[in-house]
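Q: Please walk me through this structure, one feature after another. I would like to learn how to read each of them.

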Amino acid sequence: MEKVINILKPKPNPQQLLRDWQRKLRQECRNIERQIRDIQKEEKGVQKAIKEAAKRNDMGSAKALAKELVNSRRTVNRLYENKAQLNSISMHLGESVAVARTVGHLSKSAEVMKMVNNLMKAPEMAATMLEFNKEMTKAGVIEEIVNDSLDSALDSEDMEEEIEEEVDKVLTEIAGETAAQLPVAIRKQKLKQAAESAADVDDDEELEEIRARLAKVRS
C-alpha cells in the first residue's frame with residue numbers, strides 16, 4: 001500500500017526541493033553558530049584557568065589546558081569552514097534550479113557533489129550530509145557518494161607537532177605577563193618541563209570538569 005501511495009504522490013518540482021534543502025541548510029548554519037558561541041563561551045573559562053595555573057607556576061596544568069584550548073579553536077575554525085560550505089551548497093543549488101527552469105529538470109553538479117563529500121568527512125556534519133546525499137542523489141543533482149574516511153586521515157605525528165607549536169603560542173598569549181616576569185632561563189626550562197610532563201598531569205576536579213565541558217560543546 002505504501003508503494004502505491006508513493007507512486008501516486010506527485011514528485012516535488014525543483015523549486016520545492018530547493019526550498020526544502022535551503023531551509024535545512026539554514027537550520028544547520030544556525031546550529032553551527034550556536035555551537036561556536038557555546039565553545040567560545042567555555043574558552044573564556046579555560047583562559048582564566050591557564051592564567052591561574054601559570055601564576056602558581058603549575059606549567060604542566062597550564063600546558064594541558066592550553067592544548068584543550070588549541071583543540072577548541074581548531075574545532076571553531078572547522079565549524080566556520082563547514083558553515084561556508086553549507087552556504088556555497090545553497091548558492092550552487094539556486095543556480096541549478098535556475099538552469100532547471102530552462103531544461104525542465106535538475107542537472108548534476110560537480111561542485112555540490114564535491115562539497116557534500118567534504119562535509120560528509122566532518123564529524124559534526126556526517127549524519128546530516130548523509131541524508132542530503134541520499135536526497136540529492138535521488139533528485140539527480142549528484143551521484144551516490146561513498147565516503148572513504150581514509151581520504152581525510154591526517155598524519156598524527158605532524159598534527160601533534162603542529163598542536164605543540166600552537167600550544168606554546170597560546171601559553172605566551174594568555175600567560176605572557178606571568179611568564180615574562182620569570183628569568184629567561186627559568187622560563188624556557190619551565191616550558192620545556194611542561195611539554196614533557198603535560199601528558200602525565202593528574203586531572204584534578206577542576207581540570208577534569210573543564211575538559212568535560214569542552215568535549216561536550218565540541219561534540
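Q: What share of the contacts with a separation of 6 or more joins residues 24 or more positions apart?
A: This is a predicted model. In this protein, 80% of the contacts with a separation of 6 or more come from residues 24 or more positions apart.

Q: Which pairs can I look at for that?
A: Take I39 and A215, which are 176 residues apart in sequence. Their C-alpha atoms are 9.3 Å apart in space. Another pair is Q15 and G94, 79 residues apart along the chain. Here the C-alpha atoms are separated by 8.9 Å.

Q: How many helices and strands does the protein have?
A: The count is eight helices and zero strands. Read from the N terminus, the order is α-α-α-α-α-α-α-α.

Q: What share of the residues is buried?
A: Of the 219 residues in the protein, 35% are buried. The cut-off for buried is under 20% relative accessible area.

Q: Is I39 buried or exposed?
A: I39 has a relative accessible area of 0%, so I39 is buried. This residue belongs to helix α2, residues 14-55. At 23% relative accessible area, Q15 is partly exposed.

Q: Which residues does I39 contact, leaving aside neighbours within four places in sequence?
A: I39 is in contact with S72, T75, V76, L79, V217 and R218.

Q: T75 is in that list. Where does T75 lie?
A: T75 sits in helix α3, residues 59-103. Its relative accessibility is 5%, so T75 counts as buried. Not counting residues up to four places away in sequence, T75 touches I39, E124 and R218.

Q: Let us turn to helix packing. How are two packed helices described?
A: Two values are used: the angle between the axes and the distance between them. Now the case here. Helix α4 (residues 110-120) packs with helix α5 (residues 126-139) at an angle of about 150°. Their axes are 8 Å apart.

Q: What does that angle make of α4 and α5?
A: Angles over 145 degrees count as roughly antiparallel, so α4 is roughly antiparallel to α5. The crossing of α4 past α5 is left-handed.

Q: Which residues meet between α4 and α5?
A: On the α4 side they are V112, V116, L119 and M120. On the α5 side they are A126, M129, L130, N133 and M136. By class, this contact has eight nonpolar residues, one polar residue and no charged ones.

Q: Which residues of α4 are buried?
A: The buried residues of α4 are V112, M115, V116, L119 and M120. They span an arc of only 140° around the axis, so they lie on the same side of α4.

Q: Which exposed residues are on the face of α4 turned away from its buried side?
A: That face carries A110 and K114, both exposed.

Notes. Residues are numbered from 1 along each chain as its sequence is written. This is a predicted model: local features need pLDDT of at least 70, side-chain atom pairs count only at pLDDT 80 or more; totals for chains, interfaces and linings use all residues. Side-chain values use heavy atoms; hydrogens and water are left out. Axes are lines fitted to C-alpha atoms, for helices over the stretch in contact, and angles run from 0 to 180 degrees between N-to-C directions. Helices (H or I, at least four residues) and strands (E, at least two) are DSSP runs, numbered from the N terminus. Angles under 35 degrees count as roughly parallel, over 145 as roughly antiparallel, 65 to 115 as roughly perpendicular and the rest as oblique. A crossing is left-handed if the near helix is turned anticlockwise from the far one by less than a right angle, and right-handed if clockwise. Contact means heavy atoms within 4.5 Å. Ala, Val, Leu, Ile, Met, Phe, Trp, Tyr, Cys and Pro count as nonpolar, Asp, Glu, Lys and Arg as charged, and the others, Gly among them, as polar. Buried means under 20% relative accessible area, exposed over 50%, partly exposed in between (1.4 Å probe, protein chains only). The arc is that of the directions from the helix axis to the C-beta atoms.
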